[in-house]
Amino acid sequence: MKKLVIMLTAPVVVSFGILFWIYQINMAQGFGGDNTLVVYNWGDYIDEELIDEFEEETGLKVIYQTFDSNEAMLTKIQQGGTAYDIAVPSDYAISKMIEDDLLIPIDYTQLENFDNIDPRFLDKSFDPGNTYSVPYFWGTVGIVYNPELVDGEITSWNDLWDMPLENDILLADGTREVMGFGLNSLGYSLNTTDRDELLEAEKKLETLWPNIKAIVGDEIKMLMANREAAAAVVWSGDASEIMYENEELTYVIPEEGTNLWFDNLVIPSTAQNVEGAHQFIDFMLDAEIAARNTDYVGYSTPNQAALEFLDEEVVTDERFYPSSDVTDELEVYENLGKRMNAYYNELYLRFKMQSK
Ligand code: N2P
């Protein structure tokens with residue numbers, strides 16, 4: 001009898017399984033119609049409770065996927081396999097996506113909360129007039145370190161080479177970030193297209209290997225908070241998150257200069273639910289929602305109206321909310337074109353292959 005039941009139910013279970021699987025694939029490709037929204041964001045970059053609330057409020061089902069670099073995100077979107085409704089590229093990647101016709105213009109008549117954004121974060125050269133993108137988070141690249149584990153004060157990129165930090169540095173895994181601080185440490189622009197300068201930066205980075213413990217992803221926060229390394233090159237928001245976990249640490253914007261970055265919400269041209277995408281953007285622009293997201297993620301918000309809901313100590317901290325005087329001196333990554341992007345990637349890969 002038991003056998004018979006299994007014989008009869010197994011095919012049913014299997015075919016339901018297959019149907020569900022096909023349904024999920026279709027959903028992820030955006031063929032699910034107007035009821036779904038496919039969101040593609042950086043890892044650790046949203047309070048997931050807000051996704052649930054958005055689903056409840058709109059009746060949409062969110063399919064949420066993450067990436068860990070602009071390069072990975074760009075490749076995936078260029079391939080076009082998944083029909084993302086929302087993505088979160090940085091400045092230079094936005095400019096590239098506009099150039100490659102990969103984005104749909106924002107319809108501002110569908111956004112009620114856009115005025116919440118501080119004009120300081122609008123109308124940047126990577127997307128003049130914000131035709132295609134709405135600010136999400138912003139920050140710098142710098143050094144987070146534990147003064148208890150470091151002999152002296154770190155103030156510059158060159159300290160990473162010059163201080164006794166053997167096998168004690170972690171690096172966030174990013175082509176532009178690592179090549180950028182290599183270039184900045186030599187006094188060059190992190191947007192240089194001069195191949196000699198780039199080669200020199202790559203050679204100099206190779207000499208940092210004795211001090212580098214590892215090149216890592218989002219786990220960098222846990223490792224630093226747990227004192228696994230003395231210093232790390234990170235995005236400012238990760239530093240703020242680390243310092244929340246472990247108050248011993250501090251963050252510095254290196255004196256040779258560094259990168260100022262902006263991550264914005266965009267709607268890829270493959271989007272199947274453009275209206276839902278606007279609903280999502282407007283939801284994230286709400287002052288209280290943005291404040292909760294900021295509080296959870298630890299990054300700096302461009303949402304001026306959200307600031308009053310946040311800890312005053314945090315939003316007045318010049319390390320994470322530097323004034324225009326400071327940011328005016330920093331460099332935003334430029335879209336350097338296909339060839340140069342490929343060259344940066346090649347050099348970064350070559351550097352990584354020199355690891356002990
Ligand atoms: C979040 C990474 C943010 C990237 N984990 C900064 N552009």
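Visitor: How far apart do the C-alpha centres of domain 1 and domain 2 lie?

Guide: They lie 26 Å apart. Keep in mind that this model is predicted.

Visitor: Which residues make up each domain?

Guide: The domain assignment gives domain 1 as 16-138 + 262-320. Domain 2 is 139-260 + 330-352.

Visitor: How many residues does each domain bring to the contact?

Guide: Domain 1 brings 17 residues and domain 2 brings 23 residues.

Visitor: How do I read the size of an interface?

Guide: It is often given as the accessible area lost when the parts come together. Here, domain 1 and domain 2 bury about 1,900 Å² between them. Carbon and sulfur atoms carry 54% of that.

Visitor: Which three residues supply more than any other three of the area that domain 1 buries against domain 2?

Guide: Tyr-92, Arg-319 and Phe-320. Together they supply 32% of that area.

Visitor: Which helices supply at least two residues each to the side of domain 1 that touches domain 2?

Guide: Helix H4 (91-99) and helix H11 (287-297). H4 gives the most, with five residues.

Visitor: How do the residues on that side of domain 1 divide by type?

Guide: Eight are nonpolar, three polar and six charged.

Terms used. Residues are numbered from 1 along each chain as its sequence is written. This is a predicted model: local features need pLDDT of at least 70, side-chain atom pairs count only at pLDDT 80 or more; totals for chains, interfaces and linings use all residues. Side-chain values use heavy atoms; hydrogens and water are left out. Domain bounds come from an automatic or database domain assignment. Contact means heavy atoms within 4.5 Å. Buried area is the accessible area (1.4 Å probe) that two parts lose on being put together, summed over both. Helices (H or I, at least four residues) and strands (E, at least two) are DSSP runs, numbered from the N terminus. Ala, Val, Leu, Ile, Met, Phe, Trp, Tyr, Cys and Pro count as nonpolar, Asp, Glu, Lys and Arg as charged, and the others, Gly among them, as polar.
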